[in-house]
Amino acid sequence: MIYEVWVLTWRELKKWWGRRGVFIVSLVTPLAWLGLFGKSINFTKIFSPSTFALSLPPQLQPYAPYIQKVMENASQTALVKLFGTTDYFSFLTTGMLVVFAFFQSAFGGVNIVFEKRLGSMNRLRMTPAPRFSIFLAKIVGTLIRIFFYETVLLVIALALGFKPDVTLLGFILSGVAIALLAIGFISLFEGIGFNVDNQEIMFSILNLINLPLMFASPVLFPLKQMPDWLQEVAKFNPLTYTADIVRYNMLGLHTVNYVEAWAILVGISAVLTIIGAWASLRVLENY
Amino acid sequence: MPAQVSIDVRGLTKRYGRLLAVDHISFQVYRGEVFSLLGPNGAGKTTTVSMLSTLRMPTEGDALVEGYSIVRDRTAVRRIIGVVPQDLTADDELTGFDNVLLMARLHGYRGKEAEERAKEAIRFMELEDAANRRVMYYSGGMRRRLEIAMSVVHDPQVVFLDEPTVGLDVQSRRHIWDLIRRLKKVGVTVVLTTHYMEEADELSDRVAIMDHGHIVALGSPDELKSRIKGDRIYLKLGSPDEVRRALEAISVEFKDVSEVDGQLVVKVPSSADAMPQLIKLLSSFDVRELRVVRPNLEEVFLELTGHGLRDEESFDTFKFRRLMGAMRS
Ligand SMILES: Nc1ncnc2c1ncn2[C@@H]1O[C@H](COP(=O)(O)OP(=O)(O)O)[C@@H](O)[C@H]1O
Ligand SMILES: [Mg+2]
């Protein structure tokens, strides 16, 4: 079983490396987001006291340093109130790490739809390899890809000014939380992929799941900014808890009870994995 | 020595919704023979092979492959069979060698041994030159051979080939035929499906003729052909007058004699048995040409089912749907 999972994972990774341009294309999206949201919407600049000071009438200029001080405090308080930190870029980067893993986890399922169509899934089904190893190898393969991209994303974010305040343990725990989220969703999408015959339907289902879950979570904007009903929805969203755990560990921020967040994340991930495994194996044995 | 049974099919049945694609078929395949399922598109050949190779679950019935049930011992069956399906299954993002290596490994071979086996299978299928190229750059014939290499890398006892030469040019087809004969030579039991009667005739020890989910006849190609009242002997004679007189003379001994386009056609159970007598009867006639036409499987099929082997080829809805699907993607 372990050997088969290894062999099938080797296959996944070999195919992945062989594809031209995959690497670049997969990084463009998160980079664009980091650039667009994180760097151009610079909230500190908007409230920038120095630009404000220049526009003061001449009779107030003597008081400028004092006013500037007050303004600065006010804008900082406003940002802290809004995001819990003055550094929106760091807030966003942590969110991006979560949402990127989430989006990438869909690729295992999309792959399955294509492999069923192209016949290579049938080829695997002809071999005595345990059916579960086929399911499992997709999880492992996709997970390896995700963490490769996450590392690249992290390095780029650090270069652009991401300032985490993190211990080694906190770093590992963040990774574990992201992995749990990814495993749950890779499984779910595998289950869907095995039961869908057409890639158009697959993509529609993905959009149906991905976009709402992303917006009903604090990955891009804090929950407090959202309408009440959306905050309620976010309570059932594993992204909420993953983002919270990552921010707790990397930025010292959190909105939910830390232990509760872990419990809920583990629970949701387990349920998704079981559903995904069941739906996949059902089809793998006889379609 | 009585033939040993390799595959024992018992009441095998598959329903797709309301369609009864395979209807309670039973037959045996002997160890070491080449056994063909011959039938037009939609006859249920692929469905039968898919069930025997554990890719689909039978709705009813069972089959034992080398003693293992395709319903209960599916993993055991998978260990000892090789499958070359109708649709190509190699991963075209990997090289030919990697595809074969993957199969060796998934059959439990490790390290150097897996690599050696993969190389051996590639050599056997004469693909050495293309082994390290990605499959997307392979020609149709090469892809077929790669599929076979992937299916025999673990030395299976039974190999299923579903329409292995469909869409190939004559040369590639002959090549595949040679490879199938080589499989038989090394003792592999081969189950082949085809809708080309020459292919079944050329390669098989025994043929099961399939139509609408049923097996309508089973036997060696010669047995099957002898079922349709034997051979036809065509005679060309010197003059129309001779033809008329010969017709009378032959009709004394042979029941089925007719004139077609100025030639005499004598239908006989066996041309070998009939020939001495016929030659005696014709001794006083000016025979310009004598041609024996042995019946072919196409005629057998026609006689048994009332329709041809290819007449459904022009529009196969299932294939059509799949084609449309592939175009959308
Ligand atoms: N997955 C499927 N779903 C529904 N009908 C199918 C399916 N596969 C095959 N059929 C139908 O079952 C019948 C037998 O098909 P098949 O076994 O592919 O025949 P053959 O291989 O002899 O051409 C056909 O009528 C075909 O349309
Ligand atoms: Mg077929």
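Reply: Two residues are in contact when heavy atoms of theirs lie within 4.5 Å. The model shown here is predicted.

Me: How many residues does the contact take from chain A and from chain B?

Reply: With contact defined as heavy atoms within 4.5 Å, each chain can be counted separately. The contact takes 31 residues from chain A and 33 residues from chain B.

Me: Which residues of chain A lose the most area to chain B?

Reply: The two chains bury about 2900 Å² between them, and 54% of this area is on carbon and sulfur atoms. On the side of chain A, three residues together account for 26% of what that side buries. The residues in question are Y3(A), R123(A) and M126(A).

Me: How many salt bridges are counted between chain A and chain B, and what is the distance in the one that K14(A) forms with D98(B)?

Reply: The count between chain A and chain B is six salt bridges. A salt bridge requires a side-chain nitrogen of Lys or Arg within 4 Å of a carboxyl oxygen of Asp or Glu. For K14(A) and D98(B), the closest N and O atoms are 3.0 Å apart.

Me: Which element gives the most to the side of chain A that touches chain B?

Reply: Between the two chains, 11 residue pairs are in polar contact, both residues being at pLDDT 80 or more. The elements of chain A that give two or more residues to the side touching chain B are helix 1 (2–18), helix 7 (106–118), helix 8 (120–126) and helix 11 (199–215). With 10 residues, the element that gives the most to this side is helix 1 of chain A.

Me: Where is E93(B) placed, and which residues does E93(B) touch?

Reply: E93(B) lies in the loop between strand 6 (81–84) and helix 3 (96–106) of chain B. The C-alpha atoms of E93(B) and M136(B) are separated by 6.6 Å, although these residues are 43 residues apart along the chain. Leaving out residues up to four places away in sequence, E93(B) touches K15(A), R19(A), R134(B) and M136(B).

Me: How many residues surround ligand 1, and how far from an oxygen atom of ligand 1 is a polar side-chain atom of T47(B)?

Reply: Ligand 1 is surrounded by 13 residues, and the closest are G42(B), G44(B), K45(B), T46(B) and T47(B). In the side chain of T46(B), an N or O atom is 2.6 Å from an oxygen atom of the ligand. For T47(B), the distance from a polar side-chain atom to an oxygen atom of ligand 1 is 2.4 Å.

Key
Residues are numbered from 1 along each chain as its sequence is written. Chains are lettered from A and ligands numbered from 1 in the order in which they are written. This is a predicted model: local features need pLDDT of at least 70, side-chain atom pairs count only at pLDDT 80 or more; totals for chains, interfaces and linings use all residues. Side-chain values use heavy atoms; hydrogens and water are left out. Buried area is the accessible area (1.4 Å probe) that two parts lose on being put together, summed over both. A polar contact is a pair of N or O atoms within 3.5 Å; within protein, one must be able to donate a hydrogen and the other to accept it, and residues adjacent in sequence count only if both atoms are side-chain atoms. Helices (H or I, at least four residues) and strands (E, at least two) are DSSP runs, numbered from the N terminus. A residue is near a molecule or strand if one of its heavy atoms lies within 4 Å of it.
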